[in-house]
Amino acid sequence: MANSTNGNCPEPLPQRWAIILLAGFVAGAVAFPLAGLLAALGAAGATVVGMHTLMA
């Protein structure tokens, strides 16, 4: 197998982003049955933006 130093391979997702996106998914999953689709999308978005701001 060839070495992955060429520019064709994408960079792996950092662990920080995996945690942020997982938290957004969990927030949306919790808000969906309680308040509906729009609130779930808002909660997921706000969680991702907030965690990205705090962890940056």
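How many of the residues of the protein count as buried? Of its 56 residues, 11% do, where buried means under 20% relative accessible area, exposed over 50%, and partly exposed in between (1.4 Å probe, protein chains only). This is a predicted model, in which local features need pLDDT of at least 70 and side-chain atom pairs count only at pLDDT 80 or more, while totals for chains, interfaces and linings use all residues. Residues are numbered from 1 along each chain as its sequence is written, and side-chain values use heavy atoms, with hydrogens and water left out.

The secondary structure consists of two helices and zero strands; helices (H or I, at least four residues) and strands (E, at least two) are DSSP runs, numbered from the N terminus. The accessible surface of the protein is about 4,400 Å², and carbon and sulfur atoms hold 71% of that area. Such areas come from the Shrake-Rupley method with a 1.4 Å probe; for residues, only the protein chains shown count as cover.

Helix H1 covers residues 15–35 and includes Val30. Its 21 residues should span 30 Å at 1.5 Å a residue, and its end C-alpha atoms are 30 Å apart, which agrees; the expected span is 1.5 Å times one less than the number of residues.

Ile20, Gly24, Gly28 and Ala31 are buried in H1. Viewed down the axis of H1, the buried residues fall within an arc of 75°, so they line one face of the helix; the arc is that of the directions from the helix axis to the C-beta atoms. These buried residues pack against helix H2 (37–55), with contact meaning heavy atoms within 4.5 Å. On the other side of H1, Gln15, Leu22, Phe25 and Pro33 are exposed.

Just after H1, Gly36 has a positive phi of about 105°. Leu38 belongs to H2.

Two residues with stated accessibility are listed here.

| Residue | Relative accessible area | Class |
|---|---|---|
| Val30 | 48% | partly exposed |
| Leu38 | 73% | exposed |
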